[in-house]
Each structure stands twice: as C-alpha cells, then as structure tokens.
Amino acid sequence: MEILCCPMCKGDLVLTVDEEDDKEIIKGSLFCGKCNEYYPIEEGIPNMLPPDLRV
Amino acid sequence: MRSITYHNKTIRLIDHVYEPAEDSFLMVDALQAHMSKGDRILEVGCGSGIVSMFAVDHASLVIATDLNPYAVKCTRLNGITALVSDLFFGIRSTFDLIVFNPPYLPTSEGDYLGGWDDLMLDGGPDGRRVIKRFLAGIGEHLAPGGCILLLISSLTGIKEVCDMMRYEGLYVEQVAESKCFFEQLIVLKGQLQR
C-alpha cells in the first residue's frame with residue numbers, strides 16, 4: 001500500500017476497504033483527491049490504470 | 001489448469017496470457033546471473049509471472065505489473081505480488097533491479113489480432129514504442145547504482161536501444177543472447193551510475 005501512488009499526479013491515495021481477510025484487501029478502492037479519481041481493488045488486485053486505459 | 005516447468009519451478013498458465021517461450025527463459029537465466037541477494041526487484045510486463053518466480057528466491061521484495069488483468073491474475077496464482085499498471089505508473093518506490101521483457105517486435109496494421117494478444121507483442125512500427133516509454137521513466141524508479149535487464153530482438157534494433165539506454169545515463173552491456181529461427185534474442189543490462 002505504501003508503495004502505491006496516483007499514476008497520473010503521483011500523489012497520495014486514500015484507501016477504502018470494502019472487504020478483507022487476514023491476509024489482504026479483497027475489495028476496495030484507492031482515491032486520489034487531487035485528480036478526483038478512484039482506482040479499484042477487485043479480487044485482491046489493485047488496478048492502477050488511469051481511467052482511459054481501463055477495459 | 002495448464003502449466004509448464006522450467007528448472008525447478010512449475011508455472012501455472014491461464015488464457016489470454018503470454019505463454020513463456022525462448023525469450024522468457026533467456027530472461028530467467030539473465031536474472032539469475034545478475035540479481036544480488038536482498039535486491040528489491042520490479043518486473044514490468046510480467047505475463048505469467050515466470051521471471052518474478054525466480055526473482056523471489058533471492059530478493060527482499062518482488063513486485064510485478066502488467067497492463068493485462070489476466071496476466072496479473074496468473075502471476076498472483078503463481079504466488080507473486082502483482083498489480084494492474086501501465087509499466088510502473090502508480091508505483092512510488094525505487095528498486096535495485098527492474099526487469100522488462102517488452103513487446104519488442106515491429107508491428108504494422110495487418111499484424112493486429114485484436115484484444116489482449118496484441119499487447120504482448122506490439123512494439124509499434126519500429127519495435128521500440130514501449131521500450132521508449134519504459135526508459136524515459138526508469139530514472140525515478142531505480143535506486144542509486146540500480147540496474148535494468150531489458151530483453152530485445154535483433155529485429156528491435158540493438159544499436160538504437162543501446163543508444164536510448166545511454167541517453168538515460170545507463171552503462172550498457174549485453175549479458176545474454178540466444179539465436180532463434182529468424183532473429184537473435186538479447187538481454188541488455190543497463191546500470192545507473194552511483
């Protein structure tokens with residue numbers, strides 16, 4: 001978590017956890033206040049792609 | 001589930017992920033020869049995660065990224081910490097070693113298949129499109145004295161890539177090679193001056 005930053009502005013991210021187990025965060029999001037953008041965490045995998053590169 | 005074995009490891013594979021080939025194996029061998037105990041290692045474009053699986057044997061930290069979510073899923077199945085990211089964008093840390101087996105083949109319009117399969121191979125018209133973006137960003141992610149290992153083909157333009165690496169302040173050496181049918185695969189090591 002501490003090695004992640006916003007892929008666009010490189011700023012800090014705020015973590016929201018929706019679901020976790022004793023090992024990792026399963027579902028949640030990372031939010032960049034400066035870019036007003038959310039980066040989702042799904043099935044334990046953070047998606048750090050800017051919105052225009054996501055599928 | 002499909003799997004392959006290389007050296008002592010079994011690599012699990014899923015659909016839409018680059019199946020380890022000659023280039024992957026050459027990179028594993030180069031990594032084993034050039035990593036040091038305790039290195040912090042980043043693998044960009046990890047595919048199945050095969051290279052990172054060998055990196056964890058000696059590293060203190062291994063992180064892998066890929067644009068392709070199937071590749072990230074596969075890499076995690078293989079026990080490696082991985083995330084979906086464009087190269088290293090979204091990662092704020094420095095590493096002792098950054099490993100990249102990029103899409104290195106020159107491609108033209110007729111070569112496209114559609115979907116994730118393009119991403120694995122598409123190096124742009126000169127084969128150097130992704131490599132160029134990668135090299136432009138490594139300064140921020142390499143620790144002092146840190147290295148990159150970059151795999152290319154004779155079709156990518158060896159001299160051109162070496163020049164691009166030197167332009168980024170790297171000392172360049174060719175550390176591994178393997179002849180394939182119609183091309184030569186090469187691993188270049190680029191070391192940042194301390």
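Helix 5 of chain B (residues 129–137) buries B:Val130, B:Ile131, B:Phe134, B:Leu135 and B:Gly137. Buried means under 20% relative accessible area, exposed over 50%, with a 1.4 Å probe and protein chains only. Viewed down the axis of helix 5 of chain B, the buried residues fall within an arc of 165°, so they line one face of the helix. B:Lys132 and B:Ala136 are exposed on the other side. This is a predicted model: local features need pLDDT of at least 70, and side-chain atom pairs count only at pLDDT 80 or more, while totals for chains, interfaces and linings use all residues. Residues are numbered from 1 along each chain as its sequence is written, chains are lettered from A in the order in which they are written, and side-chain values use heavy atoms, without hydrogens and water.

The buried residues of helix 5 of chain B pack against strand 3 (40–44), strand 6 (95–100), strand 7 (142–153), helix 6 (158–167) and strand 8 (170–179) of chain B. Contact here means heavy atoms within 4.5 Å.

The largest pocket holds about 800 Å³ of space. Of its 43 lining residues, B:Pro102, B:Pro103, B:Leu119, B:Met120 and B:Leu121 are the closest to its centre. Lining residues have an atom within 4 Å of a grid point. Helix 4 of chain B gives the most to this lining, with four residues. The lining of the largest pocket has 26 nonpolar, eight polar and nine charged residues.

The second largest pocket holds about 460 Å³. Its lining has 17 residues, and A:Met1, A:Leu4, A:Gly44, A:Pro46 and B:Thr81 lie nearest its centre.

Note on methods. Helix = DSSP H or I, 4+ residues; strand = E, 2+ residues; numbered from the N terminus. Arc of directions from axis to C-beta. 1 Å grid on protein atoms, 1.4 Å probe; cavity = no way out; pocket = protein on both sides within 12 Å on 5 of 7 lines; lining within 4 Å. Points joined across faces, edges and corners; volume = space filled by probe spheres on them. Nonpolar A, V, L, I, M, F, W, Y, C, P; charged D, E, K, R; others polar.
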